[in-house]
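Let's take a walk through a protein model together.

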Amino acid sequence: MSSAVVVEAPGRHRLAPHTPREPGPGEALVAVHAVGICGSDREVYQGNRPEGYVRYPLTPGHEWSGTVRQVGAGVPGALVGRKVVGEGFRNCQVCDRCHAGETTLCTAGYEETGFTEPGAMAPTLTLPARLLHVLPDDADLTAAALLEPAACIAAAALKAGARPGERVAVVGTGTLGMFAVQFLKAVSPAELLVVGTRRDREELSRRFGATDFRTRDERLPDDLDVVIETAGSASAARTAAALPRRGGRLVLTGIPAPGADGLDPTDLVVRQLEVHTVFGAPPDAWAHTVRVFAAGLLDPLPLVTHELPLADFSRAIDLVGAQDPKVGKVLLRP
């Protein structure tokens, strides 16, 4: 019998029998190929995700890829058999922000696959078909399981609006940082600096397109056109804010711990920085990610270091929390 991961409450999970849910009108049933684990999934398991952003008991899994097996009424039958990834935010489609395309700001409230709705740590996932993005027939589904974090960084890259010949930087060398390097490389910058805390990430950064790599304790520039922060700490945000030129563009994607000291608003105002933030990925960022991936400009596979069965959920959670340079992206395979 097939099984799904169910987190009953913080610190408690089990493998439960899984029965695919028939797709209703407007829905699709997807056979899950692989599902990624990130820090948010660890928050769900540990119980430190903010109130309102998780609902127990829960099957986690918001980073996934798969193949459509069945569709409900009103969904084109041509979707059956196609390789897909899917947006996580369950927006209402009718509020002012949704009509503006800012679906991650939906005023109807927060609902997301893998947090408040059943996720992909199961053999199948049933969800609204409107959330699906179709991949090329020859797409590598293991690589595609990382397109959700890539889409979040695509949102940052689109807000940054980097143009060919500009001088750009990425602060952070984790999965998000390496995606940011690839998206910025695709626009042909004159310089692409990566700033991190781990010298062992230099080789991979340069492989993805970085022209320079420095740690935070080295001398850093203060005249760059575009900077994307991906590290998720207050210190990383401060480092990132110091890099742009006057009038430069800064995009913050990390979420520091509550109560962290913020940026200096006087500095931001006097230097007239254009500051953006990202939480999740709206449809245009997803579409951009799939296009870049299909064009061969996005290579997620080097980021994957572990592939485990669903039964090893506990080990996967521990790996994600380990401060081990040999641990990159961890995938579960139903």
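**Starting from a buried lysine**

Find K329 first: this residue sits in strand β15, which covers residues 329-333. Keep in mind as you look around that the model is predicted. Is K329 buried or exposed? Its relative accessible area is 6%, and because anything under 20% counts as buried, K329 is buried. Which residues does K329 touch? Leaving aside residues up to four places away in sequence, its contacts are G36, I37, C38, E63, L146, T175, L303, V304, T305 and H306. Now look for H18: K329 and H18 are 311 residues apart in sequence, and their C-alpha atoms are 25 Å apart in space.

How many aromatic pairs does a search of the whole structure find? There are five. One of them is Y45 with F313: the ring centres are 5.6 Å apart and the planes meet at 85°, so this pair is edge-to-face. Y45 belongs to helix α1 (residues 39-46) and F313 to helix α10 (residues 313-321), so the pair links distant parts of the chain, 268 residues apart. Both Y45 and F313 are buried.

Now compare that with Y53 and F279. Here the ring centres are 6.3 Å apart with the planes at 85°, so this pair is edge-to-face too. Y53 is in the loop between α1 and β4 (63-71), while F279 is in the loop between β13 (274-277) and α9 (283-294), so the pair ties together parts that are 226 residues apart in sequence. Together with F89 and Y110, Y53 and F279 form one aromatic cluster. While you're looking at rings, check out F115: R49 lies over its face, 3.9 Å from the ring centre.

Let's move on to helix α9. It has twelve residues and reaches 16 Å from its first C-alpha to its last, close to the 16 Å expected at 1.5 Å a residue. Which residues of α9 are buried? They are A285, W286, T289, V290, V292 and F293. If you look down the axis of α9, these buried residues fall within an arc of 165°, so they line one face of the helix. What covers them includes β5 (83-86), β7 (132-134), α3 (141-144), α4 (147-160) and α5 (175-185). After α9 comes G296, which has a positive phi, near 80°.

That brings us to the inside. In soluble globular proteins, nonpolar side chains tend to be buried together. The largest nonpolar core here has 48 residues, and L135, L147, F183, F293 and L298 touch the most other members. Where do the core residues come from? At least two each are supplied by α3, α4, β8 (167-171), α5, β9 (191-196), β11 (224-229) and α9. The largest share, ten residues, comes from α4. Zoom in on L298: not counting residues up to four places away in sequence, L298 touches L147, A150, F179, Q182, F183, T289, V292 and F293. There is also a second, separate core of 30 residues, and its members include V7, A28, V32 and V330.

Notes. Residues numbered from 1 in each chain as written. Predicted model: local features only at pLDDT ≥ 70, side-chain atom pairs only at ≥ 80, totals over all residues. Heavy atoms only, no water. Phe/Tyr/Trp six-rings, centres within 6.5 Å; stacked < 30°, edge-to-face > 60°. Helix = DSSP H or I, 4+ residues; strand = E, 2+ residues; numbered from the N terminus. Buried < 20%, exposed > 50% of the residue type's maximum accessible area, 1.4 Å probe, protein only. Lys NZ or Arg CZ within 6 Å of the ring centre and 35° of its normal. Expected span 1.5 Å × (residues − 1). Arc of directions from axis to C-beta. Contact = heavy atoms within 4.5 Å. Core = buried A, V, L, I, M, F, W, Y, C linked by side-chain atoms within 4.5 Å.
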